[in-house]
Amino acid sequence: MRSLLSTTLCHRTPRLFDPFQRSVQARAKSSIVTAWGAYVGQFTDPVDPASDSLEKHARTTPVQISLGKLFQYGTDDAADIAVDAIGAGVRHALVSTRSLSEGVYASHLAGFGLNRCQQLGQKGSHASVITRVPGRVTQIACGREHSAMIVAKKDRTKAVMVCGNNSYGQLGIGINDPPRLAVSKGAIGADQHEPQLQTSGLVEVTAMNDILRSGETPAKVQCGMDHTAILTSSGRVFAMGWGSDGQLGVGPSSTFSHDRPVQVFGLDDVPIVDIDSSTDFTLALSADGRLFYWGNSEYGQCMTGEKVDQVLAPIEMPFNGGTIVGIAAGGCHALVLSSDGRVHACGYGAIGMGAGTISSLTPATVHGISNVEYIAASTDRCIALDSQRHVYSWGFGNRAGRLGNGSISENIHTPVRLDIDPELVQPDLIALGNDIALLASNSGFCNPSKRK
């Protein structure tokens, strides 16, 4: 797997509710965001300095962050604010909220963490960067130095909006398109321009307009380290960005990168209902319950019983553990959730099977958790949510306290329950990044389980 440090310029059931069909109605008015890991301490109340042995502003256990501090309200009061979407990447995170007084189609996006490629939405040097979005953000994904989101517009259409690093074309807006240049190039002639290697703000992936069929909309977006995958409402999958390990899945002989969305190869007659990616491979779940894989598999995370450096086009993964209801793509490992509430892991590292077993080439059951309803994975870490909304964590490399168990030095080889009130957990508002984790709950608003 490639290093998380950039050398360039800079799962789960899909959340497909339709904001056009239902608006949030307030009862009590409270939204709560819980977080742990890097950077989150600057938004806690009070803001306590980290110890000498801990990264500045990191938190090793879950803490409630102040939406007032995060969104720079000048007060801790966040009344009438609903959290619509959250996302976390390698070293940055995004939270989208909506004020009930401003209506359905006006979102405010707050980003924190690294921002050298404007992956937080625009330039900014404060603890958080705030961006107003022309529509309602319904889902967010974050990569190494780029971000993507689905935005529902007032005209009842949906769009994919992106920001950040575009060195490999992972934003899908073209690298050499003059209209998308982030800054003026001064003396460059009218017929010449430099590559657009990053954006200066949120931009729409307008290439999707030429791809989508009548009535088809973007339904989910996922970011790997330097690539992006888009699932549509009709079950088609498109990808763009870095493709050297087959991350784009565009053909059995293709390792090229693409700077605009291209359709994933071989799935034309296989409607897909969910996708997941966080590093250099992608998982996809079909409507009939089959599991597909493409991208890097040098640690055997493709569940075929062998290590394969590159899977250049989707392959169906053998799975005999029951009906699949959730998927999660980590760094060197993959997770599958079956309908009986068991979690199955494959690959290397954070497979949750004890210190004596850190590698498996075929799916094996993760012990110590049951009745699981949600799973998520990132580089060398995982979380699971059970039917009681208890949150479990396990993984390697506990820097910045990213595993949430109060330690910065210990690997967690089997799932441990984190100290989080189940009332503060909402399954469709969970984001697991490399060094940041976010959970949100709109406990005072409409019942999220009734969203359509």
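The protein exposes about 17,000 Å², and carbon and sulfur atoms supply 48% of that area. Accessible areas here are Shrake-Rupley values with a 1.4 Å probe, and for residues only the protein chains shown count as cover. Buried residues make up 61% of the 452 residues, where buried means under 20% relative accessible area, exposed over 50% and partly exposed in between (1.4 Å probe, protein chains only).

Before going further, some ground rules. This is a predicted model, with local features needing pLDDT of at least 70 and side-chain atom pairs counting only at pLDDT 80 or more, while totals for chains, interfaces and linings use all residues. Residues are numbered from 1 along each chain as its sequence is written, and side-chain values use heavy atoms, with hydrogens and water left out.

On secondary structure, the protein has 1 helix and 28 strands. These are DSSP runs numbered from the N terminus: helices are H or I with at least four residues, strands are E with at least two. Two strands pair if DSSP finds at least two bridges between them.

Take β8 (residues 146–152) as a way in. How many of the residues of β8 are buried? It's 7 of the 7, so β8 is largely enclosed by the rest of the structure. His-146, Ala-148, Ile-150 and Ala-152 point one way from β8, while Ser-147, Met-149 and Val-151 point the other way.

β8 has antiparallel pairings with β7 and with β9.

| Strand pair | Sense | Bridges | A bridge pair |
|---|---|---|---|
| β7 (136–142) and β8 | antiparallel | 6 bridges | Ile-140 and Met-149 |
| β1 (32–37) and β2 | antiparallel | 4 bridges | Ala-35 and Val-63 |

The β7 and β8 strands form a hairpin with 3 residues between them. β8 and β9 make a hairpin too, with 5 residues between them, and Arg-156 in that turn has a positive phi of about 75°.

His-146 deserves a look of its own. With 0% relative accessibility, His-146 counts as buried. Its side chain makes a polar contact of 2.9 Å with the side chain of Thr-228, and a polar atom of the His-146 side chain lies 3.4 Å from the backbone oxygen of His-227. A polar contact is a pair of N or O atoms within 3.5 Å; within protein, one must be able to donate a hydrogen and the other to accept it, and residues adjacent in sequence count only if both atoms are side-chain atoms. His-146 and His-227 are 81 residues apart in sequence, yet 8.9 Å apart in space, C-alpha to C-alpha.

Back to β1 and β2, which belong to an open sheet of 4 strands in the order β2-β1-β28-β27, with antiparallel pairing. Why do β2 (59–65) and β27 (430–432) count as edges? Each has a single partner strand, so one side of each is left without a neighbour in the sheet. The twist averages 10° from one strand to the next, using lines fitted to C-alpha atoms as axes (for helices over the stretch in contact) and angles from 0 to 180 degrees between N-to-C directions.

Finally, the cysteines. Cys-117 is buried at 0% relative accessibility, and Cys-382 is buried with a relative accessible area of 1%. The disulfide count comes to 0, a disulfide being a pair of cysteine sulfur atoms within 2.5 Å.
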